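Colleague: I have not looked at this one before. Can you walk me through it?

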Amino acid sequence: TEQPTAGADPHTNARIVDIQLKPDSRKALADFTRDRVGKRIQLRSNGILLSSVTVMSPLEGDSFRITAGEHGFGGKSAEEIAQGIMKEGGLTVDDGNK
């Protein structure tokens, strides 16, 4: 599974979760986002919408950051989200076209 770390942005104090991707997850996310540049995707943890973003370029790095919106992470703390992501299937990415 991915390795998440909860924290706060030092500039804005917004709650964040940094995700360190394993190689197989890195490839899957790069492939998924490469086909969706210019389109919106949603990041979820156990059904909770964490972020809805427009893909500006493929996510090909080994890590990325999710920043909580003005209402946080659906009422859960960054620490709770990080714990949920560590569980199998705890982080999903979709394009809303289920």
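This is a predicted model: local features need pLDDT of at least 70, side-chain atom pairs count only at pLDDT 80 or more; totals for chains, interfaces and linings use all residues.

Colleague: Which strands does β6 sit with, and in what order?

Modeller: There is an open sheet of 3 strands in the order β4-β3-β6, paired antiparallel. Its edge strands are β4 and β6, each of which pairs on one side only. From one strand to the next the twist averages 20°.

Colleague: How many bridges join β3 to β6?

Modeller: The two strands are joined by 3 bridges and run antiparallel.

Colleague: Let me step back. How many helices and strands are there in the protein?

Modeller: The secondary structure comes to 2 helices and 6 strands. Starting at the N terminus, the elements follow one another as β-β-α-β-β-β-α-β.

Colleague: And the other sheet, what is the strand order there?

Modeller: That open sheet also has 3 strands, in the order β1-β2-β5, with antiparallel pairing. β1 (3-8) and β5 stand at the edges with a single partner strand each, so one side of each has no neighbour in the sheet. Ignoring direction, neighbouring strands here are turned by 20° against each other on average.

Colleague: How many bridges does β2 make with β5?

Modeller: Strand β2 (residues 15-20) pairs with β5 over 5 bridges, in the antiparallel sense. Ile19 stands opposite Phe64 in β5.

Colleague: What packs on that sheet?

Modeller: Helix α2 (residues 78-86) does, touching β1 and β2. The direction of α2 makes about 20° with that of β2.

Colleague: Now the other helix. How far does α1 reach?

Modeller: Helix α1 covers residues 23-34, which is 12 residues. From its first C-alpha to its last, α1 reaches 16 Å, close to the 16 Å expected at 1.5 Å a residue.

Colleague: Which residues of α1 are buried?

Modeller: They are Ser25, Leu29, Ala30, Phe32 and Thr33. Seen down the axis of α1, these buried residues fall within an arc of 165°, so they line one face of the helix.

Colleague: Why would residues some places apart point the same way?

Modeller: An α-helix has 3.6 residues a turn, so residues three or four places apart point the same way.

Colleague: What covers the buried residues of α1, and what is on the face turned away?

Modeller: The cover includes β3 (40-45), β5 (63-67) and β6 (92-94). On the face turned away from the buried side, α1 carries the exposed residues Pro23, Asp24 and Lys27.

Colleague: Different topic. Where is Ser51, and is Ser51 buried or exposed?

Modeller: Ser51 lies in strand β4 (residues 48-54). Ser51 has a relative accessible area of 16%; buried means under 20%, so Ser51 counts as buried.

Colleague: What is Ser51 in contact with?

Modeller: Leaving aside neighbours within four places in sequence, Ser51 is in contact with Ile41, Gln42, Leu43 and Ile66.

Colleague: Last topic, the protein as a whole. What is its radius of gyration?

Modeller: The protein has 13 Å, which agrees with the value near 13 Å that a compact globule of 98 residues would have. Its C-alpha atoms fill a box of roughly 30 × 30 × 25 Å along the principal axes.

Colleague: And what share of the residues is buried?

Modeller: Buried residues make up 35% of the 98. As for contacts with a separation of 6 or more, 61% are between residues 24 or more positions apart.

Technical notes
Residues are numbered from 1 along each chain as its sequence is written. Side-chain values use heavy atoms; hydrogens and water are left out. Helices (H or I, at least four residues) and strands (E, at least two) are DSSP runs, numbered from the N terminus. The expected span of a helix is 1.5 Å times one less than its number of residues. Buried means under 20% relative accessible area, exposed over 50%, partly exposed in between (1.4 Å probe, protein chains only). The arc is that of the directions from the helix axis to the C-beta atoms. Contact means heavy atoms within 4.5 Å. Two strands pair if DSSP finds at least two bridges between them. Axes are lines fitted to C-alpha atoms, for helices over the stretch in contact, and angles run from 0 to 180 degrees between N-to-C directions. The radius of gyration is taken over C-alpha atoms; the globule rule is 2.2 Å times the number of residues to the power 0.38.
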